[in-house]
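Let's take a walk through this protein together. Have a look at the model below, and then we'll go through it piece by piece.

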Amino acid sequence: MPIDSHVHLYPSSVSQDPAAWAAQRGESYWLSCVQPATGIALQAWRSVEELLRDMDEAGIEKAVILAWYWENHDSCLENLSWQAEWLRLHPDRFVCFAPFNANGGPAAVDSLR
């Protein structure tokens, strides 16, 4: 079974304006990686539908959606909500790695449960 083991995926609320999303949440490190001031951006902004189409065209059966190294616990929770929705809609196509930031304390551990 062909599996893409490293995919970052974001909803349109993020991909439409990454700078605004990052500024509102204090996620400057993420922004510097996905939209660097110099050099080539490596992030391809795909919707779930586009990702599934690309996977089908490439013969990929499953994709592992990786979370990010969020600076804030609330960003982890938001990311978890995206992943839960994608898994609900496409349980046979996606596997997700949950985000975690230990600075979230007990709430961070609870979010993984």
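This is a predicted model: local features need pLDDT of at least 70, side-chain atom pairs count only at pLDDT 80 or more; totals for chains, interfaces and linings use all residues.

Now step back to the whole chain. You'll find six helices and three strands in it, and if you start at the N terminus, the elements go β-α-α-α-α-β-α-β-α. How does the radius of gyration of the protein chain sit with that of a compact globule? A compact globule of 113 residues would come in near 13 Å, and the protein chain has 14 Å, so the two agree. Along the principal axes, the C-alpha atoms take up a box of roughly 40 × 40 × 20 Å. Some 37% of the 113 residues count as buried. Of the contacts between residues at least 6 apart in sequence, 69% join residues at least 24 apart.

Next, the sheet. Its three strands are arranged in the order S1-S2-S3, the sheet is open, and the pairing is parallel. S1 and strand S3 (94-97) are the edge strands, each pairing on one side only. On average, neighbouring strands are turned by 20° against each other, ignoring direction. Strand S2 (residues 62-66) pairs with S3 over four bridges, in the parallel sense. To pick out one spot, Ala63 has Phe94 in S3 as its bridge partner. Packed on this sheet is helix H4 (residues 48-58), which touches S1, S2 and S3, and whose direction makes about 120° with that of S3.

What about the inside? In soluble globular proteins, nonpolar side chains tend to be buried together. Here, the largest nonpolar core has 23 residues, and Tyr10, Trp30, Ile65, Trp70 and Phe94 are the ones with the most contacts inside it. Helix H2 (18-25), helix H3 (28-34), H4, S2, H5 and S3 each supply at least two of its residues. The largest share, four residues, comes from H4.

Let's zoom in on His8, which you'll find in the loop between strand S1 (3-7) and helix H1 (12-15). Is His8 buried or exposed? Its relative accessibility is 19%, and the cut-off for buried is under 20%, so His8 counts as buried. The side chain of His8 makes a polar contact with that of His6, at 3.1 Å. Not counting residues up to four places away in sequence, His8 also touches Gln43, Leu66, Ala67 and Trp68.

For contrast, finish with Ala102, in the loop between S3 and helix H6 (106-112). With 57% relative accessibility, where exposed means over 50%, Ala102 counts as exposed. How many Å lie between Ala102 and Glu57, C-alpha to C-alpha? They are 38 Å apart in space, and 45 residues apart in sequence.

Technical notes. Residues are numbered from 1 along each chain as its sequence is written. Side-chain values use heavy atoms; hydrogens and water are left out. Buried means under 20% relative accessible area, exposed over 50%, partly exposed in between (1.4 Å probe, protein chains only). A polar contact is a pair of N or O atoms within 3.5 Å; within protein, one must be able to donate a hydrogen and the other to accept it, and residues adjacent in sequence count only if both atoms are side-chain atoms. Contact means heavy atoms within 4.5 Å. Two strands pair if DSSP finds at least two bridges between them. Axes are lines fitted to C-alpha atoms, for helices over the stretch in contact, and angles run from 0 to 180 degrees between N-to-C directions. A nonpolar core is a set of buried Ala, Val, Leu, Ile, Met, Phe, Trp, Tyr and Cys residues joined through side-chain atoms within 4.5 Å. The radius of gyration is taken over C-alpha atoms; the globule rule is 2.2 Å times the number of residues to the power 0.38.
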